[in-house]
Amino acid sequence: MTTSLLALVPVLAPALGGMAYAVLGWRRTTAWLGFACAGVVFVADILLATVVTLDGPRTALGGQLRVDALSAYMLIVIGAITLLATAASPAYLSAEIRSGRASTRAARLHSLLVQGFVATMALAVLAANLGTAWVAVEATTIITAFLVGHRRTRAAVEAAWKYVVICSVGIALAFLGTVLLNYAATHAGPGDAGLAGVGLDWVELTAAATGLDRGVTRIAVALLVIGFGAKAGLAPMHAWLPDAHGQAPAPVSALMSGVLLSVAFYVILRVKVIADAALGVGFTRTLLVTLSLASLAIAASLLLAQRDYKRMLAYSSIEHMGLLALGAAAGSRLALAAVLLHVLGHGLGKAVLFLSSGRILQITGTSVIDNVRGLASRQPFLAGIFGLGVLALLGLPPFSLFASSLGIARAGFATGLGWETAAALVLMLVIAAAVLTHAGRMLLGPPPQDSGEATFSPALPVTTALPLLGGLIACAALGVTLGPLQSLLHTAATIVGTL
């Protein structure tokens, strides 16, 4: 298989899987089709990463798709988290059907949309130009809106509409930024007439960045960062995230938090490379630091009195996106290597937590923290997985988020962001204390007397236990050694690192 064909697999495999679900429906014989597609995608991602590491970037579809070290790394993130989510999906959907909260028709639609969701995220990171990336990110909004409102309850429908409205505003801002950046490239000054054919290609825009109109570029970059920042869950357009993550099915929440936010942030990193070359590092640094501290402050304040554990995990996602923004603001290769490692570690940890929270919700029938006391005595394995996932999320060793958070903090102090990094660390301590308190109340102590057990057998299925355990092991392994990812990670950091 040539590299050009291989680059199409991450998009085509889930697209074909979705078509199969549309025709065949969801039943015992097709329940694992999504996992099979995820396996094919993950293998293709590894092969692409190997080719790019050895031979450099590759293109496909006449240059419309491009795979370099950064996009190959993001494909591995997408593949790994999709494997976890689709491995746990059959047991999750079966339990929903048995309890009467879903039907086989709903499971069919869920599986079809998830495959489309994965395909559009892969397209976003493979896109060779900003325009295609924008279209792909917009497509994720349309698809996931139906997944958020999957249960069709009043709260789910409200969350879906809130998600659509806020993210549509963000994507509209990003579209305006895209138009302005294209204008800056095609209407350069008399001395830069050669820019007329640049268009929106990432590589061409970066090469021609010094000739872009600075005033127009400054406005375009601000709109792009804020617009795609809305999809990444960054303040001030973060309000959709807790509602959407709280109402979406657990596998969808795992994909949204573990992958979608990072894919949107990937586009911001690409824009940052162009902006730094055109405007210098100061403009995007100031913008990203502001968004970072605002996101961390909002997460800290709202986590203190949080009562819903799925929303707790959602606000934690806002925190981690804020930390990524701080690392991107630092801008050094060390900082960007830490940011990319954090993307994968956060994706693994958050997927484990959302998948396990989905099981907790099925067992207890509630997402209220105070009604899930004593989980360790009732479900010791599930409680252990959830507890370890919380520790991973808070950045305790040996999990990879410890190394990545430390790397971002070191880079922040080393690049002149001393007080900003110190403020971020204080806010992270507040967040850690709040999350530990809430998780401790769920896991420890006697169960509430009025808590009914599950409406079905509460035993944790092996097909759910294995991906949860595998995600934690992978997150811990990355904290000890990067293994074969080291070369790819460093090359990817070089693409976006400016110092």
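These questions and answers walk through a predicted model.

Reader: How many aromatic pairs does the structure hold?
Author: A pair of aromatic rings is described by the distance of the centres and the angle of the planes. W134 and F175 form another. The count for the structure is three.

Reader: Is W32 buried or exposed, or partly exposed?
Author: The relative accessible area of W32 is 37%. Buried means under 20% and exposed means over 50%. W32 falls in between, so W32 is partly exposed.

Reader: Which helices does the pair of W134 and F175 link?
Author: This pair is tilted, with 5.2 Å between centres and 50 degrees between planes. The two residues are 41 residues apart and link distant parts of the chain. W134 is in α5 and F175 is in α6.

Reader: Is W134 buried or exposed?
Author: W134 has a relative accessible area of 17%. The limit for buried is under 20%, so W134 is buried.

Reader: Which residue lies over the face of F283?
Author: The distance to the ring centre of F283 is 5.9 Å. A charge over a ring must be within 6 Å of the ring centre. The residue over F283 is R218.

Reader: Which helix supplies the largest share of the lining of the largest pocket?
Author: The largest pocket holds about 420 Å³ of space and is lined by 16 residues. α4, α5 and α6 each supply at least two of the lining residues. The largest share is four residues, and the helix is α6.

Reader: What is the phi of R152?
Author: R152 is among the residues nearest the centre of the largest pocket. R152 sits in the loop between α5 and α6 and is exposed, with a relative accessible area of 70%. R152 is not a glycine, yet its phi is positive, near 65 degrees.

Notes: Residues are numbered from 1 along each chain as its sequence is written. This is a predicted model: local features need pLDDT of at least 70, side-chain atom pairs count only at pLDDT 80 or more; totals for chains, interfaces and linings use all residues. Side-chain values use heavy atoms; hydrogens and water are left out. Rings of Phe, Tyr and Trp (its six-membered ring) pair if their centres lie within 6.5 Å; planes under 30 degrees apart count as stacked, over 60 as edge-to-face and the rest as tilted. Buried means under 20% relative accessible area, exposed over 50%, partly exposed in between (1.4 Å probe, protein chains only). A charge sits over a ring if NZ of Lys or CZ of Arg is within 6 Å of the ring centre and within 35 degrees of the ring normal. On a 1 Å grid over the protein atoms alone, a cavity is a set of points where a 1.4 Å probe fits but cannot get out, and a pocket is an open set with protein on both sides within 12 Å along at least five of seven lines; lining residues have an atom within 4 Å of a point. Grid points are joined across faces, edges and corners, and a volume is the space filled by probe spheres set on the points.
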